[in-house]
Amino acid sequence: MGSLMLQYLLTHPQHAFSPPETADLCEAFDMTVSALQERGDPSINWTDEKVRAALSGEIVSAWNKGERDTRQLSDRAVQMADQDLKAR
């Protein structure tokens, strides 16, 4: 799944991260998808490209604001999904 975050980063060249930072972002994305899958909430279609881009964007935005904890990055993306991505 981290490859989805990597794809997002490659298609948004304005974001430049070191390999360790990229690994952390990918880990946060994987944690987010796992959390959404575990809940089995059908109102959030995490497989939709726009939803995946929104999740990735939220994680990158939080990173750019200074958050470095992968759990916190994931939690923010899950919270955003709950608020903004229902039934997309």
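Predicted model: local features only at pLDDT ≥ 70, side-chain atom pairs only at ≥ 80, totals over all residues.
Residues are numbered from 1 along each chain as its sequence is written, and side-chain values use heavy atoms, with hydrogens and water left out.

Reader: How many salt bridges are there?
Author: Good place to start! Side chains of opposite charge can pair when their charged atoms come close. A salt bridge here is a side-chain nitrogen of Lys or Arg within 4 Å of a carboxyl oxygen of Asp or Glu. By this rule the count is three.

Reader: Which residue forms a salt bridge with Arg-39?
Author: Arg-39 lies in helix 2 (residues 19-39) and its partner in helix 4, so the pair ties together parts 43 residues apart in sequence. Helices are DSSP runs (H or I, at least four residues), numbered from the N terminus. The closest N and O atoms are 2.5 Å apart, and the partner is Asp-82.

Reader: Is Glu-67 buried or exposed?
Author: Glu-67 meets Arg-76 in a salt bridge (3.6 Å, N to O). Buried means under 20% relative accessible area, exposed over 50%, and partly exposed in between (1.4 Å probe, protein chains only). Glu-67 has a relative accessible area of 17%, so Glu-67 is buried.

Reader: Which residues is Ser-74 in contact with, leaving aside its neighbours within four places in sequence?
Author: Ser-74 lies in helix 4 (residues 70-84) and is buried, with a relative accessible area of 0%. Contact means heavy atoms within 4.5 Å. With those neighbours left aside, the contacts of Ser-74 are Ala-28, Met-31 and Thr-32.

Key:
Helix = DSSP H or I, 4+ residues; strand = E, 2+ residues; numbered from the N terminus.
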